Amino acid sequence: MSTRDLRQWIQDAERLGEIKHIRGAQWDTEIGAITELAQHRENGPAVLFDEVPGYPKGYRILVNTLGSLRRTALTLGLDTSIDRPMDLVRTWRERSKRLMPIPAKMVDKGPVMENIDTGKNVNVLKFPTPKWHEHDGGRYIGTGSIDITRDPEEGWVNLGTYRVMIHDETTVGFYISPGKHGRIQREKWFASKQPMKVAVSIGHDPLIFLAGSIEVPYGVSEYDWVGGVYGEPVEVIEGPETGLPLPASAEIVIEGTADPTEVRAEGPFGEWTGYYASSTRPEPIIKVERVMYRNTPIMLGSPPGKPPSELTAYRAILRSALIWDEMEKAGVPDIRGIWCHPAGGTRLFVVVAIKQRYSGHAKHAALAAMGCRAGAYLGRYVIVVDEDIDPTDTFEVLWAMTTRVDPEKDIEIIKRMWSGPLDPIIPPGQKGFNSRAIIDATRPYDWKDQFPMVAVSSPEVLEAARKKWGQQLFG
Ligand SMILES: Cc1cc2nc3c(=O)[nH]c(=O)nc-3n(C[C@H](O)[C@H](O)[C@H](O)COP(=O)(O)O)c2cc1C
Ligand SMILES: [Mn+2]
């Protein structure tokens, strides 16, 4: 798999019949509502909007790129015929085990430099940014985007998908949850009273967006991770205002500065939990100094919202694989499956299936699942089941929870874990921590051999009956 820009991705997806075209939809309610319809349908289409009223023809917006298994496989360079989520989790785990980060390559120029606005010409409103959800507090130019920042002490560059709201022509606001890499970097800059340079790329290969929105380890640039997936480096140019590496083939990049003393009201914005939980708070802003963009630029949009959404589609696969890997590294043996359920935004309801090997194995698994980086932020429930339960089958999981759990013994509460403003159940003014429930829905290890037998006939008996009587039974 070689490097790719957004236009190449569109061609590839077009060949698979995965893109719908919509012309003439308005930015204020229609594009957001159409996006919601596409995202709420399982394996719904990617949609390319053009001819947005009030904007030049060719200024486009692409949404729901990672909203199907097929396009997620395409983006990761995997077999696009895989049609079961757990098979994609397994395939990606095999592939990612061989992944070696490859540093980005600096080049002198790239298509993103086709148009350059500086000084009085800067106007982020020239692009058809939608108002994604009806009750949003503004237009969010950054959703399928990446915020590019540098660590002032360690020098490494982070790419994080952190939402970016338009305040006016030359000012945008950005929200980063506590503990995220960009937030840690920003706090270092601001603690030493220095402004932070920030660049935002708004339109790139969806793989870059994917990398910006999942847990690539601290200290590793997401550029290097993406290079590892491609097997060759991402080409970047040096941002003239910020000195930051910018994707050379990005559609739109804004460069600017965040000053430690300047804040403005940010939000409300429809969030991945399905609520407007963080409401409005003062947040840092970026004073935009330069906008670079390709001719007829294509914005990549990925608004979060009530699950299921695009982000729950691909992140269920990626997060399940990541937690599985991190648990293995924590020494948990015999994991048979992991599923980060989309209903919980892939964070709030994590099911782990194990083949129990020792007393305490289930608790070991649960604590690792909620303690590792991919599972630590804003979780709620970790459910551990035996290997006969398919973690992607909610009916099976609920059956285990209702029959293998004695609540007073098997539910454990862990307090003061990593949460933040987006947590809907924590009251305003008290956000920051939350608690977690571990539900051990495995057969109790100490008497599992006496645990009641499951009341189904053996596969052989059922198969024989099906052969002999199936025709009369089901026709
Ligand atoms: C569409 C979308 C929007 C997101 N918006 C935000 C956001 O506004 N703030 C935030 O902290 N994380 C947001 N996230 C989650 C982060 O991108 C994710 O936690 C990522 O791992 C952060 O990068 P980091 O690991 O380098 O900190 C969003 C994710 C997606 C998919
Ligand atoms: Mn990171």
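Trainee: Which residues are the closest to ligand 1?

Mentor: This is a predicted model in which local features need pLDDT of at least 70 and side-chain atom pairs count only at pLDDT 80 or more, while totals for chains, interfaces and linings use all residues. Residues are numbered from 1 along each chain as its sequence is written, and chains are lettered from A and ligands numbered from 1 in the order in which they are written. Around ligand 1 there are 20 residues, a residue being near if its C-beta atom, placed from the backbone, lies within 6 Å; the closest are T161, R163, S177, K180 and H181.

Trainee: Which elements give two or more residues to the shell around ligand 1?

Mentor: Elements here are DSSP runs numbered from the N terminus, with helices (H or I) of at least four residues and strands (E) of at least two. Those that give two or more residues to this shell are strand 8 (157-160) and helix 5 (181-191).

Trainee: How many residues of helix 7 are buried?

Mentor: A residue is buried if 20 or more other C-beta atoms, placed from the backbone, lie within 10 Å of its own. Helix 7, residues 222-230, is mostly covered, and its buried residues include W225 and V226. Of its nine residues, the number buried is seven.

Definitions and conventions
Buried ≥ 20, exposed ≤ 12 C-beta atoms within 10 Å, placed from the backbone.
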